[in-house]
Amino acid sequence: MKLTVWTYEGPPHVGAMRVATGMTGLHYVLHAPQGDTYADLLFTMIERRNHRPPVTYTTFQARDLGADTANLFKTAAQDAYDRFKPQAIIVGASCTAELIQDDPGGMAETMGLPVPTIPLELPSYQRKENFGADETFFQIVKTLARPMERTKQITANLIGPTALGFRHRDDIQEVTALLSDMGISVNVVAPMTSSPADIARMGAAHFNVLMYPETAESAARWMERELDQPYTKVVPIGVGATRDFVAEVAAISGNEAYVDTSRLRLPWYSKSVDSTYLTGKRVFLFGDGTHVLAAARVASEEMGFEVVGLGCYNREMARPVRAKAREMGLEATITDDYLEVERVIEALQPEMILGTQMERHIGKRLGIPCSVISAPVHVQDFPARYSPQMGIEGANVLFDTWVHPLVMGLEEHLLHMFREDFEFHDAAGPSHHGGHAPSPGAEGGAAPRPAASPRDFSGTETGGGQVIWLAEAEKELKKIPFFVRGKARRNTEVFAAERGVAQISVDTLYEAKAHYAR
Amino acid sequence: MTELPRLPTSGGCRDVPILKQRGQREVFCGLTGIIWLHRKMQDAFFLVIGSRTCAHLLQSAAGVMIFAEPRFGTAILEETDLAGLADAQTELDKVVDELLTRRPDIKQLFLVGSCPSEVIKLDLAKAAERMTQRHAPSVRVLNFSGSGIETTFTQGEDACLASMVPVLPKTEDRQLLLVGALPDVVEEQAIGLLEAMGIGPIKVLPAPRASDDLGVGPGTVYALTQPFLGDTHDALTRRGARHIPAPFPFGEEGTTQWLAAIATEFGVSADLFEQVTAAPRARARKAIAQAAEALKGKSIFFFPDSQLEIPLARFLTRECGMTAIEVGAPFIHKGLVGPDLDLLAEGPTISEGQDVDLQLDRARAARPDLTVCGLGLANPLEAEGLATKWAIELVFTPVHFYEQAGDLAGLFSRPIRRADLLKLEVS
């Protein structure tokens, strides 16, 4: 039993729903009690879908339990077939139905429906939403896709996009354009946009573009083995990754690597002088593994940020995320407990967070700007405008969305110059918060354990223990703009503690500043 | 007292046959009630013993992220709990101990049953009893079920309040008890009006804090403010309290009838009643009239959801000039909504339970001007050109009594006004 107040991922059957809802001509018969229909609103409200998800819930009640829930399932499946006439049906159980062990898959098979019926085994008490999506897509592909003659022209399948995916809608368009520029057309995009009939012709493509390993890696591996289709390993988020992706596609397809950079603005925007203030901004990254790995590269190589911490909530991606963290000299935070993520953020005191909607809230609470880079999604993550993460336009979008929450370059200097100004006082908050930003609570939290490094120091040496701020130093600290004050306090305390200084004076503050100056 | 309501000449809906269908239901389960109950009971924590689905439902239905550490959570059952490898009761003790250590501000803990905990027959009553002894006197532990296999949406509040009744201290005092979790501002308005008529003492269930001295006994009379409190009604009756039946306090007429029933019970004179209610009644009528302009002559179709459907249909047809095509409710408790059914003119289909696909067929055929439904259906119906009102808003928004009567009508008129306002199609 595990106490949970909020969760990054839903149960696995919600992952199956993301696959089914993204597709056409497929119906999901879900053995589930009343109330599980709440999941419909994720799609109709958050994603603003104009159709109900293609899901029939058997809606069993307490009084059915002793009687005949199995028959209820059969009736629901038959009614669903008669009404929706799908090309294929997936059947499964939600968490409660798993306990009553009716075996929906077996029952559906005996019903002799005239379309393929695909049973799903999604262990609700062990796995989560991403697994559910990945497994469902894999089962659909395994059942329906067959080896077949390749298209004459080189084509690729784009795999991984689902309903309720973070910018999947726009990423499809961007990746299609990248391939098209290299003379490669798209055979099938799946699961989103495809029908079971489309899945059946996936074998005609020459290779697969694995857009989101979270939702399609199992299918990609199966197709590599059974359909002899290689798949791409690079996820084209960011300029460097997009170039690498294009090179990888060239190697797989034999077509010449080509990328149209006429619309690419990120490199120049990053080089232009206004971006100097981005240098070394300390950022913390959290989200699903794929987006975090991509963001780590963009943040450090293309924005000039300093990544001070990173992690993911999906354990399936723990290995590559840990490896990336090691490469950057960091320790990865792998957890699905947002309170733990919050503790890490508090301890690290980053100047910016790139995270999920939950980290955006944590950022609000701590007064740290945040940009959202990953699911779980929120209605804001389905903007009306074109806003991909992948490819050339994706890189431009990343630059804008990561920079906008920050206090802008000149604004930052003005804050320094006029830090005692009546409009620039602490409580006013940064202007992008409309002056209503909650003031951060404890500045910086507790200092982490210091590493010894002897150097000159001011103040009284005690040989460890509590560090006290003298009134003058505390006053001076208040003059530092609030958005760097937490860092200044923490750095000064670490600096003092390392040297065994018990009392922080104004001199200690400025010696620490000089020490940390880069 | 005051003038009697005009009963429909054609007869009301109390005895019309009810359409009952069995199929997929597009409704929330009772766990959803935790979203508003935890705001109302400020020293209570709601611990759902369930699955990841329950946790996901709560965060999705709340529609918000968590701003502070909330006073609800889910103890997610894991494989080891189900396989009997771990004693679920011991595991639960561990979770609760941890929770109460971290949250010393919690005085009432509700163990909330879910579909999985009901199916594996986890005895939460036993657990609550054990924990009450263990954590007495600082924390009282109660249990109720919000599972989808037993409860629909607002029934969760009913189950919660019903669980509180047996442990209320006994009192012989003559008192009025208002039952139902209402926003404070609304509750205060009702109490203000009743006190102005000299009625008292007035208590409310749920009380904001566990320490509030609420008792119950044969001297207690109670009025329900929500139509979904059937189990609570039964529990109070078992404690010797007496129900004051009345239409529910939605709209000017409903509020007046509801107040009048209480006033009669307490022997308030017609003059005093008139004196206290005249001004707010006039305000309510005026406010309703403004909002009702957009509603007059329009048709409405209710999908079953919040259980408020029958009283609202009564309000919208009698005070706003709408025509009801179908009034669906998850279940119909005539002992509670009987007075509202009496006032609702015969005509609409009254349906109980749901087969959502068949009901959607009926709605599409009828093409109502306004459809009241859950969030899962709203956008799909809008996309088919049917204006909708999300039912969940009716539970989250202050809509009871005189001062909110105009707002209540406004909730229904806004989608219709909006549809008229937008000029988006090619002309």
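**Briefing: cores, fold and confidence**

Within the largest nonpolar core, which has 257 residues, A:Leu285 and B:Leu47 touch the most other members. The structure is a predicted model, and the predictor assigns the complex an ipTM of 0.93 together with a pTM of 0.89.

**Nonpolar cores**
- Leaving aside residues up to four places away in sequence, A:Leu285 touches A:Val292, A:Ala295, A:Ala296, A:Ala299, A:Val307, A:Leu310, A:Leu354 and A:Gly355.
- Another core, of 9 residues, lies apart from the largest one. Its members include A:Phe495, A:Ala496, A:Val501 and A:Leu509.

**Make-up of chain A**
- Chain A contains 21 helices and 15 strands.
- The chain has 518 residues, of which 51% count as buried.
- Among contacts in chain A with a separation of 6 or more, 73% are between residues 24 or more positions apart.

**Confidence in each chain**
- For chain A, the mean pLDDT is 89, and 88% of the residues reach 70 or more.
- Residues 430-464 of chain A have a pLDDT below 50.
- For chain B, the average pLDDT is 93, and 97% of the residues score at least 70.

Methods:
Residues are numbered from 1 along each chain as its sequence is written. Chains are lettered from A and ligands numbered from 1 in the order in which they are written. This is a predicted model: local features need pLDDT of at least 70, side-chain atom pairs count only at pLDDT 80 or more; totals for chains, interfaces and linings use all residues. Helices (H or I, at least four residues) and strands (E, at least two) are DSSP runs, numbered from the N terminus. A residue is buried if 20 or more other C-beta atoms lie within 10 Å of its own, exposed if 12 or fewer, and partly exposed in between; C-beta atoms are placed from the backbone. Two residues are in contact if their C-beta atoms, placed from the backbone, lie within 7 Å. pLDDT is the predictor's confidence in each residue, from 0 to 100. A nonpolar core is a set of buried Ala, Val, Leu, Ile, Met, Phe, Trp, Tyr and Cys residues joined through C-beta atoms within 7 Å.
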